[in-house]
Amino acid sequence: MPLLLILSVAVQLFCAFHVVRSGNDRYWIFIILVFPGMGCLIYFLFVVLPDASSSYHGRSLTSHAMDKISPERHLRKLTEELSIAETNQNHFLLANELARLGRYHQAIPHYRESLSGIFSHEAPMMLSLARAEFATQDFARCQQTLEDLIKFNPDFQSSEGHLLFARALAAQEDYAAAESEFKVLVEYYPGPEARIRYAEMLEKSNRLHEANEQYVAVVDTAKRSRSQYRKYHREWIKIANEKLRQGIVR
């Protein structure tokens with residue numbers, strides 16, 4: 001009995017803390033405390049689960065769990081749809097699913113098939129192809145695809161595509177060209193990834209002091225930012241902190 005009581009109180013405290021932290025209506029605390037078991041269950045079913053499924057992190061966890069259970073659940077359906085109707089859209093959807101599963105070499109031919117006819121220079125499709133080419137370490141092709149993207153879509157803007165272009169240049173050790181792109185990126189890119197990628201390139205060029213400055217900028221920005229920013233970008237912030245702890249003098 002004492003163990004069950006302790007567990008019940010712990011669940012109540014967790015739910016009450018969630019109410020306060022998430023900013024939900026305080027009447028939930030009354031329900032949780034007055035009806036310990038049922039109140040917690042109702043709160044979990046009607047508030048916690050819907051919040052989790054609607055958030056990016058919640059959807060990501062759900063998708064990851066489903067991938068473990070049935071990793072090819074969508075792939076079979078998309079493959080069948082392509083066999084019925086070989087359209088640009090079906091090639092593109094199948095390529096996206098293959099890429100999501102990390103099967104980039106298989107995705108690339110489908111991306112290229114999707115880029116035909118009136119979709120020959122469709123910007124989002126070309127960007128997806130460039131991502132897959134980068135993932136297979138075909139950096140020169142990735143660079144060419146992105147250059148063609150801008151050539152045929154001069155008004156298209158994508159911070160992700162810009163970062164990918166800079167990374168493709170850096171991967172080919174064209175550091176001067178990559179640096180000019182990174183210097184622009186760090187001024188407008190939403191989040192710390194661009195600075196981290198820039199710092200990594202500077203490290204490879206043995207410019208450790210300049211790399212250190214970028215890692216410091218990431219950490220300092222995180223300290224001044226809201227908790228949501230730190231939570232969303234925690235992996236990049238963690239990398240910056242680890243790099244600074246490794247001994248590059250601050």
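Visitor: Exposed means over 50% relative accessible area, and buried means under 20%. On that scale, is Phe46 buried or exposed?

Guide: The model is a predicted one. In this model Phe46 has 59% relative accessibility, and because that value lies over 50%, the residue counts as exposed. Phe46 lies in helix 3.

Visitor: Now the salt bridges. How many does a search of the whole structure find?

Guide: The search finds 11 salt bridges. One of them joins the side chains of Lys77 and Glu81, with an N to O distance of 2.6 Å.

Visitor: Why are Lys77 and Glu81 separated by about one helical turn?

Guide: Both belong to helix 5, residues 73-84, and they are four residues apart, so about one helical turn separates them. Glu81 counts as partly exposed, since its relative accessibility is 26%.

Visitor: What about Glu97: which residue does it bridge to?

Guide: Glu97 pairs with Arg100, and the closest N and O atoms are 2.8 Å apart. The two residues are three positions apart in helix 6, residues 88-100, about one turn of the helix.

Visitor: Are these two partners buried or exposed?

Guide: They fall into separate classes. Glu97 is buried because its relative accessible area is 7%, whereas Arg100, at 35%, is partly exposed.

Visitor: Which salt bridge links distant parts of the chain?

Guide: The side chains of Glu203 and Lys243 meet in a salt bridge with an N to O distance of 3.4 Å. This pair links distant parts of the chain, with Glu203 in helix 12 and Lys243 in helix 15, residues 234-245, 40 residues apart. Glu203 has 22% relative accessibility and therefore counts as partly exposed.

Visitor: Which residues are linked in a network of salt bridges?

Guide: Glu179, Lys183, Arg207 and Glu210 are linked in such a network.

Visitor: Last topic, the backbone. What is the phi of Glu173?

Guide: Glu173 has a positive phi of about 65°, although it is not a glycine. Most residues other than glycine have a negative phi. Glu173 sits in the loop between helix 10 and helix 11, the latter being residues 175-188, and it is exposed, with a relative accessible area of 60%.

Visitor: And where is Asn206 found?

Guide: Asn206 is in the loop between helix 12, residues 193-204, and helix 13, residues 208-224. Asn206 too is a residue other than glycine with a positive phi of about 65°, and at 61% relative accessibility it counts as exposed.

Note on methods
Residues numbered from 1 in each chain as written. Predicted model: local features only at pLDDT ≥ 70, side-chain atom pairs only at ≥ 80, totals over all residues. Heavy atoms only, no water. Buried < 20%, exposed > 50% of the residue type's maximum accessible area, 1.4 Å probe, protein only. Salt bridge = Lys/Arg side-chain N within 4 Å of Asp/Glu carboxyl O.
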